[in-house]
Amino acid sequence: MNDTGLVVAIKNVKKSFGNNVVLDGINLDVSKGEVVVICGRSGSGKSTLLRCIDQLETVDSGEIRAAGHLMGFKELNAKIVPLKDASVAIQQRDIGMVFQNFNLFPHVSVLENIMIAPTRILKRKKDEVEKEALALLERVGLPDKKNAYPRQLSGGQQQRIAIARALAMKPKLMLFDEPTSALDPEMISEVLDVMVDLSKAGMTMIVVTHEMGFARAAADRVILMHDAKIVEDATPKDFFENPKSEHTRLFLSKILQH
Amino acid sequence: MSWSWPYFFDYMINGLMLRGVWVTIWLSIISMILGLGLGILAALMKMYGNRGTRYIAEFYIWLFRGTPILIQLVIIYTGLPQLGIRFNVVESCILGLALNEGAYLAEIIRSGIMSVDKGQEDASRAVGMNWRERMWLVILPQATRTIIPPLGNQFNGMLKTTSLCSVISMQELMRSAQMIAQIQFRVLEAYCIAALWYLLLVSIWGLVQTRIEAHYERPFGSEEAKPNNEK
Ligand SMILES: Nc1ncnc2c1ncn2[C@@H]1O[C@H](COP(=O)(O)OP(=O)(O)OP(=O)(O)O)[C@@H](O)[C@H]1O
Ligand SMILES: [Mg+2]
């Protein structure tokens, strides 16, 4: 968060894998407290964009400012220098990320999953962190699962724990990459409910999803990515009722067929 | 001279033999622990290092897996003094066994690390862990599950491989049997007792290994392994 009130400011970001151009001049601003939904067909670069924001991938050119950091770099006497792994990790603490496949740590309990980063990385006191972790479990509706191992939980429960794990670091920005795509249909709403609550609590969020119900209910803006570019960036109302791009119309007609 | 039971039973609890058993146990444990350290180091150097460290690790693994441990021990103890590098018997044995073990463990550890789901790296980065934290808190603990069974087999092998140290006069179990056999020429009885002791050590280790494996499987297990949930 800088003076402009932006939590995310992406300028002309480009990224290729070999000859495959995956991000082709992306510009995106997200204000504090805003919820931005990104959709688009498979391979359009949605995941890569989120992964670049959180520095799980590095960009080829352009810049990403997020949660108050120039991601992956530091500014030194008007020069921009790439950061080492350990310094990137410090930037990453301020951004939470939730994955399609949950990626909980399977070798430790649910409570340990939530506490591991605050206690082992931030070296905060265990009892204090545990109190917060229990409150987070309450918040995602799973207070009785603290001693379970991830394998023993349903997909919906695992995803809610993954959200709690990310929140334990008190991030300024939350990124969700298709958080409900791997879930059985009856579990989707329990995860979306947690996300809606989070948005109401004022969290800044970028959510890649095809759950248009969530977009209508919680999004401030809906973005369509097509062939490595952002082709639509509108309010949910305009996005669904009055899209400017031909690609959006096509995308919506395909989604509504299902 | 035929088989003699009295000698047989006498050798079983012979002081020299028991000392040999004890030496075999600690020599195996110390060499294994040091070998594990070397193995982890070599695996990480090979997987995450720059070109230089990668070549060093690969050379080390290639060298010690490609030559007989017996030659390694002999070179360390009797060959290196020629260059002014001297190790006593115990040091030479530990050094040789650990270096040899590390080369094998490096490959086992490497495949263990590679067996960890790629998503774990993403998740640990995303909560803000640096490389060391990702390794020690997330990747290696999960690799352990894959590493433990072959690691146990390696230790089984280590218990028996220590017998080679007898050639450089380390007084472990094999050497004890040799010495006892030379006193009364009860060769068969002496070596049979040594063999029985190796069997016993390896069998006890088998039991321990099963428990260790069960411990590391627990988080991944099915219903019966469930910890006590409040519900
Ligand atoms: N690590 C990688 N190496 C090479 N190519 C990659 C890599 N990651 C992604 N890609 C390619 O980049 C393109 C965009 O991938 P990305 O995962 O960002 O798409 P997406 O919009 O998230 O698609 P989906 O809806 O299927 O998740 C794809 O063509 C993909 O094959
Ligand atoms: Mg994707």
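**Exercise 1: the cysteines**

C52(A) counts as buried because its relative accessibility is 0%. Keep in mind that this is a predicted model.

*Task.* Work out how many disulfides there are over all chains.

*Solution.* Start with the cut-off: two cysteine sulfur atoms must lie within 2.5 Å to form a disulfide. Next, apply this rule to all chains, and the count is zero. C52(A) is in no disulfide, as the nearest cysteine sulfur, in C39(A), is 19 Å away.

**Exercise 2: the shell of ligand 1**

*Task.* Find which element gives the most residues to the shell around ligand 1.

*Solution.* Begin with the residues around ligand 1, among them F17(A), N20(A), R41(A), K46(A) and E178(A). In chain A, β2 (20-31) and α1 (46-53) each supply at least two shell residues. Of the elements, α1(A) gives the most, with three residues. Sorted by class, the shell has two nonpolar, seven polar and three charged residues.

*Task.* Which polar side-chain atom lies 2.8 Å from an oxygen atom of ligand 1?

*Solution.* That atom belongs to K46(A). On E178(A), a side-chain N or O atom is 3.2 Å from a ligand 1 oxygen, while G45(A) uses a backbone N or O atom, at 3.0 Å. Finally, the protein covers 59% of the 630 Å² of accessible area that ligand 1 has on its own.

Note on methods: Residues are numbered from 1 along each chain as its sequence is written. Chains are lettered from A and ligands numbered from 1 in the order in which they are written. This is a predicted model: local features need pLDDT of at least 70, side-chain atom pairs count only at pLDDT 80 or more; totals for chains, interfaces and linings use all residues. Side-chain values use heavy atoms; hydrogens and water are left out. Buried means under 20% relative accessible area, exposed over 50%, partly exposed in between (1.4 Å probe, protein chains only). A residue is near a molecule or strand if one of its heavy atoms lies within 4 Å of it. A polar contact is a pair of N or O atoms within 3.5 Å; within protein, one must be able to donate a hydrogen and the other to accept it, and residues adjacent in sequence count only if both atoms are side-chain atoms. Accessible areas come from the Shrake-Rupley method with a 1.4 Å probe; for residues, only the protein chains shown count as cover. Helices (H or I, at least four residues) and strands (E, at least two) are DSSP runs, numbered from the N terminus. Ala, Val, Leu, Ile, Met, Phe, Trp, Tyr, Cys and Pro count as nonpolar, Asp, Glu, Lys and Arg as charged, and the others, Gly among them, as polar.
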